[in-house]
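Thanks for coming, everyone. I'd like to walk you through one chain today. Please have a look at it on the screen first.

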Amino acid sequence: MSGIKREREQDDSGQDEHAPPQESFKRARVVNDESRVVKSLCIQLSKIGENPDAYANDSIYSAVPFASDIGSDTFRDAILRFAKVFVLEQPHKLFHFSGVVLLANSKNEKVGFFLIEYIHQQIQELLNENNKDSSNVGKFTKIKAYLRFLASLLPMISTDSVYNIFSQFLKLSLTVKDSNLSQLLYFIVTSSIPFIVASNQGSEEYKEIANKLIEEASAYSDETIAPNDLLLVFQSLNSSSSDLPYEPKLLVNLILPAVKTLQSGDWENLPFIDTYSKVLPEIEKSEAPIAKHSIPQFNIAEYSEYPMVGSVEQLWKHPRTLFEAHPESSTKNNNKYQTKPPVESYLALLLRDQVQDLVVSMEYNRFVVSAQLLLFSKFYKEKLFCKSLSSPQKLSILCDLLNDPDSATSLNSEGDSNVALLIDEVQQNIKDGYVSTWKIEDVITESVLDLMLHLPKLDFPPAVYYGTLLVECCNKDLKQISRTPGNQTSAITKSVGALIEYLYKQNKFLDYSLRLLYLDWITIQFSNFEFEWRWEDWANDEERLRASKFHPNAILIRNLIGKEVRMASVATIRKTLPEEFHRYLDLSIYSKDRMAQDTKGIFGELSSLFTKDVETYENGSIKVKDEDIELTDSFLFINEEHPFMNDCIDVYDNLHQSDVSVEQFSQIIADLKTKLQQHSAFSINSDKYIIMLLIQATCVTGGRSLSIFNRALGVSKDKIRAVFDTLIDDKSLLNSWIIDSVLILWNHEPRIGYLLIEKLCHEKFITASSIVDSVFSYESSLPMISQFYTIELVNRLFESHGEEKEFLFSIFKNFITSMNSLIKSLGITDVISAPAEDEELGEVNELKWGYVQLCSLLKSLLRDHFASFSPLRDQLEEELTIEHEPTKKFILSILGDA
């Protein structure tokens, strides 16, 4: 549109001819008053309760448009859709939202009529649908949210209606008894009973309904339910669970006693804020009596089997146990206190349930979820938790004073002025009603870790979501703290740090597959805070485990620092580490002696030309320099000292030239082989030399990235195959040489080497079973248990080779061979247990740790890849060539239970 035409149109429309021209596509969008009202109301409601002092006024302000505009189809459709999302995504605000609804209903009974009808419709649709979406929370988890919402609206609903639908779902849980669905439904209904009483905390009628439902729930009993030992977060290192950090507890067995404890106290200890009493004065201003709506029962189909596919309902695929952290602490006067409610209490179960529902229901938006988590305590009774940033010393003093109010003097027998100030502060806090040692941040972090470390691993979301969520919580908390003068630390960051420390101390018990998740999580956490950590806390372990290759904590530290180096650089990570940890900057998989041996295996008597004096630590680790290693420096075929350098450069250049045919290239290789054979004095194995030259040449060309390596391999693979067909017939030896050629070149960063090896496997140059043989090499300290990236590699190989018998048998046989080797070295016929923590780490105990790690990893792999191994169970038992009876019995039990 020309400027002249545009001005003419503006003149014709009556606008000022001197006004700035406006493009037609920039016209303002017309928003009617009704849309503005509903948008404004939804924004208000989404933040309801976040300012506790303003809740009563905010409720009145929100209820007015809710009541006055509910008759409009447009308004009603929008507000009902909002209500649905709000109830599902923000379970902690349920009573605050229901307070607004109750107030709006008192002004216009159509509010309750339309909303209850809509919620009933949503539940019925969920009961009718066949949910197969694992990214969804699950239909019964949604029904749980709706049931609790209806319970919170009880003051405007017929009491018989609420009782009937609760009873209906409770009976359904008993009908499908002895199933995972039964346990899930039973927990949903039983855990929701207190919501009925909480909807009007002074109502005896509501207490009677709750008591009646509890009586019905008491009929549920299943003594056959027991934790699945294969799915415990912490795995025993001996034949019993006595060494575990805690006794595993089944969630389904905890909920009824927890609710009954509330009942026994006449429901006085409900954790919910009494929002109904805050809106009741305004409700009572209504001239008409409050309308009571009824809810019809639901049409529920028979459930013989229900797939637990939702992100929450996956937790119930097997009898669900609870992850516990933040153990109790001791005080100066030998009292005990916890920083979270007892795990068996209703409050603990409710908070865990609501945190986890929130975490997985908001479309995995860590920014929104983290903001809500930091507000979480505002939606429960005031002073239920201790003051933010309460130090362990302050909580210890609080615990002692609560146990003995007259103990202030003994708590500061040294007359320390700082301690005296703390005591005074705590005594004032007690007067103000702060008598809790519980920290909301510890409840949150434990609940998130419960999801991250759940077994079997959840199909959705990926575990990395939970790690990034905790990072975002820390970042948001730190930003809030920075606005408060005098505060330097974040409560949530301290809690995360305590969890990291707790899992480090219990690392030896942690299921092997979960150790990888733990490592990923702390790496994400450290990398977002400039890789800073309290390494000095682990310094004693470093000194004690300096020579160990198989102790779980030595393995963890080695892999953690290795992962940090890959995320940053040697120079960056070196600055964050105490000097005693610098040895872990060496990521090499082959020792100095092994590299010298391999060099001689390739170049024969010429290997002395390439020998370099490498500085090492006492344990043999190479003293790594900060500068990046140039890959061409490790490509010794083109070293200036090498007499066949020019021939190798010719091979290198022609290998990646697309205009050089396979026949031409084969002739170049034939000429090189002839020359090598003519110099027999050098004792060079020409086949091995050529194989390693071609593979390393491809690796050097594609050394900058995997995509470049793929392109290089795409150009050279036909030439390489043609040459390999003329060399050795022993495919096993060929596989071994190919793998060694990559790892020798990439010894400074073997993880990348194995990624390239994996690509070579996909291109059929080597077999998956040959990779398995490599990662079980005892000469390189059994990388399969000492280097986590090899476990990740094997897990990836299952995706493409999980149905190949050769691959599966290779894994099993390598485990058996390695176990037999360690058992023989130990010479023990009885059960081999992990050494006690205070035992010296000599040769025998090191071998014991190697054996224990193999057992733990085998158990994990057989469980995680059950679908692959299960059809071969009988054949695997035949391959079980172990004379050590306890080990044989252990493996047979895994094959039977996996």
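A word on the source. This is a predicted model, where local features need pLDDT of at least 70, side-chain atom pairs count only at pLDDT 80 or more, and totals for chains, interfaces and linings use all residues. Residues are numbered from 1 along each chain as its sequence is written, and side-chain values use heavy atoms, with hydrogens and water left out.

Now the overall picture. The secondary structure comes to 40 helices and two strands. Helices here are DSSP runs of H or I with at least four residues, strands are runs of E with at least two, and the numbering goes from the N terminus. Along the principal axes, the C-alpha atoms fill a box of roughly 110 × 90 × 65 Å.

How much of the chain is buried? Of its 898 residues, 55% are buried. Buried means under 20% relative accessible area, exposed means over 50%, and partly exposed is in between, with a 1.4 Å probe and protein chains only. The accessible surface comes to about 40200 Å², and carbon and sulfur atoms hold 47% of that. Those areas come from the Shrake-Rupley method with a 1.4 Å probe; for residues, only the protein chains shown count as cover.

Next, contacts, meaning heavy atoms within 4.5 Å. Take the contacts with a separation of 6 or more: 76% of them join residues 24 or more positions apart.

On to salt bridges. The rule is a side-chain nitrogen of Lys or Arg within 4 Å of a carboxyl oxygen of Asp or Glu. By that rule we get 33 salt bridges.

Which parts does the pair Asp511 and Arg863 tie together? Their side chains meet in a salt bridge, 2.8 Å from N to O. Asp511 lies in the loop between α20 (491-505) and α21 (512-527), and Arg863 in helix α37 (residues 843-864), so the bridge ties together parts 352 residues apart in sequence. Asp511 is buried, at 1% relative accessibility. Arg863 is buried as well, at 11%.

Stay with Arg863 for a moment. Its side chain also meets that of Asp864 in a salt bridge, at 2.9 Å from N to O. Asp864 is partly exposed, at 34% relative accessibility.

Now a bridge inside one helix. Asp541 pairs with Arg544, with the closest N and O atoms 3.2 Å apart. Both sit in helix α22 (residues 539-544), and because they are three residues apart, about one helical turn separates them. Asp541 is buried at 14%, while Arg544 is partly exposed at 32%.

Asp541 turns up again around Asn553. Asn553 lies in helix α23 (residues 552-567). Its relative accessible area is 6%, so Asn553 is buried. Setting aside neighbours within four places in sequence, Asn553 is in contact with Tyr504, Asn507, Asp541 and Leu545.

One more on bridges. Arg320, Lys340, Arg352, Glu446 and Asp450 are linked in a network of them.

What about charge on the surface? Asp773, Glu803, Glu804 and Glu806 gather in a patch of negative charge there. Patch residues have over 30% relative accessible area and no salt bridge; like charges are joined within 9 Å, and nonpolar side chains (Val, Leu, Ile, Met, Phe, Trp, Tyr) within 5 Å. Glu803 is in the loop between α35 (788-801) and α36 (805-826). At 81% relative accessible area, Glu803 is exposed.

Lys and Arg count as positive, Asp and Glu as negative, and His and the chain ends are not counted. Each charge is placed at NZ of Lys, CZ of Arg, CG of Asp or CD of Glu.

Last, the backbone. Where is the cis bond? The peptide bond from Leu455 to Pro456 is cis, with omega near -5°. Pro456 sits in the loop between α18 (440-452) and α19 (464-482).

Then two positive phi values. Asn334 is not a glycine, yet its phi is about 65°. Asn334 is in the loop between β1 (329-330) and β2 (336-337), and is exposed at 66%. Glu530 has phi near 60°, positive in a residue other than glycine. Glu530 is in the loop between α21 and α22, and is exposed at 64%.
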